[in-house]
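Hello,

Here is the structure I promised to pass on to you. Please open it beside this email, and then read on for what turned up in it.

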Amino acid sequence: MTKVVQNIIERAAKLNKNIVLPEAEDSRVVIAACEVARQGFARITLLGNEEQIKAQNPDCNLNGVVIINPETYENTNLYAQMLFDARQGKINKKTGQPEFATVEAAKANILGDYTMYGALMLKAGHVDGMVSGACHSTANTLRPGLQVIKTGAGEKIVSACFLMVAPEQGNQYCEDGCYIYADCALNQNPTAEELAYIALSSARSAQSITCITPRIAFISHSSKGSAKHNDVTKVTEAFNIFKQIAPEYNADGELQFDAAIVPSVAKSKAPNSTVAGHANVLIFPDLDAGNTNYKNTERLGGFQAVGPICQGFAKPINDLSRGCSSEDIVATVAITALQAQ
Ligand SMILES: CC(C)(COP(=O)(O)OP(=O)(O)OC[C@H]1O[C@@H](n2cnc3c(N)ncnc32)[C@H](O)[C@@H]1OP(=O)(O)O)[C@@H](O)C(=O)NCCC(=O)NCCS
């Protein structure tokens, strides 16, 4: 376990949050649940049939893990009613019919989709966060949250950041030992307004997950008007919107990547900026840039990429990679607990 994950776990332990893991059919999830219970930094709720889970994972010590069986749980009808109410008036894109004609239809849905069930537990305040996606696609993991949890106060869009952790020996530009990069996994081509809100969520993620003071750079292929193009205009507009909605944060744009993090380059390209050369939250103009840059920093720069970390939800939900290990799930539970504070 890296120092940064250890630090996140230590901070999560002070919060004692309850995180639901809906994919108990996957042994990696059950192993992770047992490990979190052993370490005691969060409470875990698994969804499924207790006897089956125990039979499939005979070596796991499930002491301290709560197992809820949606088929028999006393709140299942409540969650079905909540889903029915939340989705009133919504039309199923495929059938053209209402998503749920009756509460019974909503109940059948949640009994066939435990990620939705977990999202409704979260909405009801019966758990503090959800981690899913070990055996479901990103779309199927996030859609329940997008549909019933929605965005948080002051947020307009759900996005995904990565915590990029500098290598052990350090990095000459990385003053805080880490960066936040966004959006690296969710929104293909955000508008200027969406980009501004992605920056706001990212600043909040920097504070809750890392405790660093955010210095936010809106990244472009231009620094302070050095190039003219619609793509540059979008980024400057995003920065201007951000100044209106979040004046309390130190931000600047548009800045090239080097102008954002290299002090000597910043001196010549953005000499009056208090962010240029020292940025620690990097907002990329679209998904191509965000995704490519995090992989580049990871592979060529030797940084550890922690994420994707979903941000902007009213209550925290995180999506796992289907190739994840149980250690990855443990780390994601700790991050989710920090987001729930
Ligand atoms: C995010 C995603 C799952 C949404 O898929 P979808 O269900 O087809 O999207 P829809 O447009 O039907 O939206 C469903 C609901 O979510 C909301 N929504 C979609 N994207 C949202 C976002 N980024 N933020 C907030 N709400 C969002 C919609 O407003 C809609 O709400 P409603 O049903 O209450 O009206 C989909 O865009 C996706 O899979 N994105 C790419 C993710 C990916 O593959 N990443 C890995 C590559 S790096």
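**Two helix pairs**

Helix 2 crosses helix 13 in a right-handed sense. On the helix 2 side, the residues making this contact are Arg28, Val29, Ile31, Ala32, Glu35 and Val36, and on the helix 13 side they are Ser326, Ile329, Val330 and Val333. Sorted by class, the contact of helix 2 with helix 13 has seven nonpolar, one polar and two charged residues. To find the pair in your viewer, look for residues 27–39 (helix 2) and residues 326–339 (helix 13). The two pack with their axes 8 Å apart, at an angle of about 55°. Angles from 65 to 115 degrees count as roughly perpendicular and those under 35 as roughly parallel, and helix 2 and helix 13 are therefore oblique to each other.

Please keep in mind that this is a predicted model.

Now for the other pair. At what angle do helix 4 and helix 5 pack? The angle is about 110°, and the axes of helix 4 (residues 76–86) and helix 5 (residues 103–112) are 8 Å apart. That makes helix 4 roughly perpendicular to helix 5. Their crossing is right-handed. Helix 4 brings Thr76, Asn77, Tyr79, Ala80, Gln81, Leu83 and Phe84 to the contact, while helix 5 brings Val103, Ala106, Lys107, Asn109 and Ile110. By class, the contact of helix 4 with helix 5 has seven nonpolar, four polar and one charged residues.

**The chain as a whole**

Stepping back from the pairs, you can count 13 helices and 11 strands in the chain. Along the principal axes, its C-alpha atoms fill a box of roughly 65 × 50 × 30 Å. How does the radius of gyration fit with a compact globule? A compact globule of 341 residues would have a radius of gyration near 20 Å, and the chain has 21 Å, so the two agree. Of the 341 residues in the chain, 49% are buried.

The contacts tell you something about the fold too. Take the contacts between residues at least 6 apart in sequence: 70% of them join residues at least 24 apart.

**Some residues to look up**

Let us begin with Tyr249, which sits in the loop between helix 9 (230–245) and strand 8 (250–255). Is Tyr249 buried or exposed? A residue counts as buried if 20 or more other C-beta atoms lie within 10 Å of its own; Tyr249 has 21, so Tyr249 is buried. Leaving aside residues up to four places away in sequence, Tyr249 touches Ala203, Pro214 and Ile216. Ala105, by contrast, is 46 Å from Tyr249 in space, C-alpha to C-alpha, and 144 residues from it in sequence.

Glu175 belongs to the loop between strand 5 (159–165) and strand 6. With 18 other C-beta atoms within 10 Å, Glu175 is partly exposed.

**Backbone details**

Where are cis peptide bonds found? One runs from Ala182 to Asp183, with omega near -20°. Asp183 is in the loop between strand 6 (178–182) and helix 8 (192–210). Another runs from Gly307 to Pro308, with omega near 5°, and Pro308 is part of strand 10 (residues 304–311).

- Cys211 has phi near 70° and lies in the loop between helix 8 and strand 7 (215–219). Cys211 is exposed, with 11 other C-beta atoms within 10 Å.
- Lys224 has phi near 50° and lies in the loop between strand 7 and helix 9. Lys224 counts as partly exposed, with 18 C-beta neighbours inside 10 Å.

Enjoy exploring it, and write back with any questions.

Best wishes

Note on methods:
Residues are numbered from 1 along each chain as its sequence is written. This is a predicted model: local features need pLDDT of at least 70, side-chain atom pairs count only at pLDDT 80 or more; totals for chains, interfaces and linings use all residues. Axes are lines fitted to C-alpha atoms, for helices over the stretch in contact, and angles run from 0 to 180 degrees between N-to-C directions. Helices (H or I, at least four residues) and strands (E, at least two) are DSSP runs, numbered from the N terminus. Angles under 35 degrees count as roughly parallel, over 145 as roughly antiparallel, 65 to 115 as roughly perpendicular and the rest as oblique. A crossing is left-handed if the near helix is turned anticlockwise from the far one by less than a right angle, and right-handed if clockwise. Two residues are in contact if their C-beta atoms, placed from the backbone, lie within 7 Å. Ala, Val, Leu, Ile, Met, Phe, Trp, Tyr, Cys and Pro count as nonpolar, Asp, Glu, Lys and Arg as charged, and the others, Gly among them, as polar. The radius of gyration is taken over C-alpha atoms; the globule rule is 2.2 Å times the number of residues to the power 0.38. A residue is buried if 20 or more other C-beta atoms lie within 10 Å of its own, exposed if 12 or fewer, and partly exposed in between; C-beta atoms are placed from the backbone.
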